[in-house]
Amino acid sequence: MARVNIEIPPPNPKQELFFKARARYINYGGARAGGKSWAMRTKFVLLASRYAGIQMLLLRRTLPELTENHVNPLLVMLKGVATYNVQEKVFKFPNGARLKLGYCKNEQDVLQYQGQAYDVIGLEEATLFTEFQFNCLRESNRSSGMMSEPFSPRMYLTCNPGGVGHHWVKRLFIDRAYKEKERPTDYVFIPARVYDNKVFMENDPDYVAQLESLPEKRRKMMLLGDWSSVEGAFFEEFTNNPDHYLDRQWTHVIDPFEPDPAWKIYRSFDFGYNKPFSVGWWAVDYDGVIYRILEWYGCTETDNEGLRIPPHKIFEEVARVEREHPWLKGKKISGVADPSIWDASRGESVAEAAGKHGIYFAKGDNERIAGWMQVHYRLAFDENGYPMMYIFSNCKAFIRTMPALQYDDHKVEDLDTDGEDHVADEVRYFCMTRPIKPRATKKLDEFAKNPMSVYLDVNKDDIKTVSRRPRMEIIDGDI
Ligand SMILES: Nc1ncnc2c1ncn2[C@@H]1O[C@H](COP(=O)(O)OP(=O)(O)OP(=O)(O)O)[C@@H](O)[C@H]1O
Ligand SMILES: [Mg+2]
């Protein structure tokens, strides 16, 4: 048979360690975008070409992730080398090696692999798998009997901190706290950092900047692969400090004040019937800072329970508030709302009902991750403690619900939608109408570090920033 060459770019030093590791459980993990998925699929291709008859299984949590992350790149890489059976999701190599790709969306999906035998199993994003799933798969990781030479079965894992499986992965690979019958030498951990991945750093510097501007704890997890900074609030940076309501530094919540009559006013909306709806009114100052000045949250006395008011009643009231409230009356108020309110499949859409009361909205941009990043960028304090978003202390629903939101266990950059996220969604739609850039990370003071500068240096306390709130660049204009 004709020889076929597969061109594989050189691995970075951490990927090389991953390729060379021979332990029973090899985990390449830590920060985002270090090149973990690339290393995983490349290792499987290398194993297939080296070992005739080897039987391998590569798993991710969901089918779309599997397709995007592995099936598509492998189809390109293995063109003319291996045949792919779409139904079975199996790559067959001419030497009898076999690579099956699968996903385990639900806890029990893993049972389909019970009783099977794979010489090698790969678990991508292992922290998104439960310990039960890991243990089931361990049982299937045994000699397939299809190989013509000796080979000790292995599992390869990749992961980022956080997720349902955070604790078992941390115990086995980070804390190395073993139970009886678990052999420490079986477990190898190779830490990954985005900075190891030179190709990616050059191709996508914006993504790296995005990681660098995440809130502190999340940044430590995603950029530095810190396993101790876990759990916690999605908006961990949100600060409500009554001592600073007046000076407006290092707090997002402030005392209400009458907005300058020339400031523009906006409205954001998330619809709910059984769940609460949320209306927020915003003022924007000359520096582009946004102030949540008023809100109406459709919730009963019970958290996350909707008022069950029909849309036309909601908008009758919204129209009345906008006619009568001293900060709103006479203003041209542009609105933005959840795009699903234009759904007319069950009769009149919510947007149409709004229109009948003279309340109009633009369709909100529902790109969730980008939207959450915009909320994070707005909440970030500058070096003087001034954010780009303030909340008037009368906006009780924002103050109650935003700090309670948690990260999603499965989608590590999203929030858990089981939480009370109606205010957050509406805030996200509004932030997406006027996106800003992340604050630049502070550069090291090279001047002060130079011993020659000692006599020339100025006492840091004597240096004051000219503008109270440096203006941030608005990439896009108004709604
Ligand atoms: N050695 C390499 N040579 C060329 N490109 C590489 C190499 N390693 C990684 N890449 C590329 O860098 C990008 C990021 O790599 P990859 O998706 O493997 O990172 P990851 O650690 O799995 O990221 P995430 O944390 O988001 O899952 C991809 O486009 C990948 O193809
Ligand atoms: Mg990956």
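1. Asp425 counts as buried because it has 23 C-beta neighbours inside 10 Å. (Buried means 20 or more other C-beta atoms within 10 Å of the residue's own, exposed 12 or fewer, partly exposed in between; C-beta atoms are placed from the backbone.) Asp425 is found in helix H13. Leaving aside residues up to four places away in sequence, Asp425 touches Asp270 and Asp338. (Contact means C-beta atoms, placed from the backbone, within 7 Å.) Asp425 and Asp270 lie 155 residues apart in sequence, yet 6.7 Å apart in space, C-alpha to C-alpha.

2. On provenance: this is a predicted model, in which local features need pLDDT of at least 70 and side-chain atom pairs count only at pLDDT 80 or more, while totals for chains, interfaces and linings use all residues. Residues are numbered from 1 along each chain as its sequence is written, and chains are lettered from A and ligands numbered from 1 in the order in which they are written.

3. The axes of helix H11 (residues 368–379) and helix H13 (residues 422–433) come within 8 Å and cross at roughly 80 degrees. H11 and H13 are therefore roughly perpendicular to each other. H11 contributes Gly371, Trp372, Gln374, Val375 and Arg378 to the contact, and H13 contributes Val427, Arg428, Cys431 and Met432. By class, that contact has five nonpolar, two polar and two charged residues. Terms: helices (H or I, at least four residues) and strands (E, at least two) are DSSP runs, numbered from the N terminus. Axes are lines fitted to C-alpha atoms, for helices over the stretch in contact, and angles run from 0 to 180 degrees between N-to-C directions. Under 35 degrees is roughly parallel, over 145 roughly antiparallel, 65 to 115 roughly perpendicular, and the rest oblique. Nonpolar covers Ala, Val, Leu, Ile, Met, Phe, Trp, Tyr, Cys and Pro; charged covers Asp, Glu, Lys and Arg; the others, Gly among them, are polar.

4. Seven strands form an open sheet of mixed pairing, ordered E9-E15-E12-E11-E10-E13-E14. (Two strands pair if DSSP finds at least two bridges between them.) Strands E9 (253–254) and E14 (362–363) stand at the edges with a single partner strand each, so one side of each is left without a neighbour in the sheet. H13 packs on this sheet, touching E10, E11, E12 and strand E13 (333–337), and its direction makes about 135 degrees with that of E10.

5. Within that sheet, six of the seven residues of strand E11 (residues 278–284) are buried, so E11 is largely enclosed by the rest of the structure. E11 pairs with strand E10 (residues 264–270) in the antiparallel sense over seven bridges. Asp270 stands opposite Ser278 in E11. Seven bridges also join E11 to strand E12 (residues 290–297), again antiparallel. Tyr291 in E12 is the bridge partner of Ala283. E11 and E12 form a hairpin with five residues between them, and Gly288 in the turn has a positive phi of about 85 degrees.

6. A further open sheet has eight strands in the order E3-E4-E5-E2-E6-E7-E1-E8, with mixed pairing. Strands E3 (83–85) and E8 (187–192) are its edges, each pairing on one side only. The twist averages 15 degrees from one strand to the next.

7. Ligand 1 is surrounded by 16 residues, the closest being Arg32, Gly35, Lys36, Ser37 and Trp38. (Near means a C-beta atom, placed from the backbone, within 6 Å of the molecule or strand.) Helix H2 gives the largest share of the shell, three residues.

Methods. Two residues are in contact if their C-beta atoms, placed from the backbone, lie within 7 Å.
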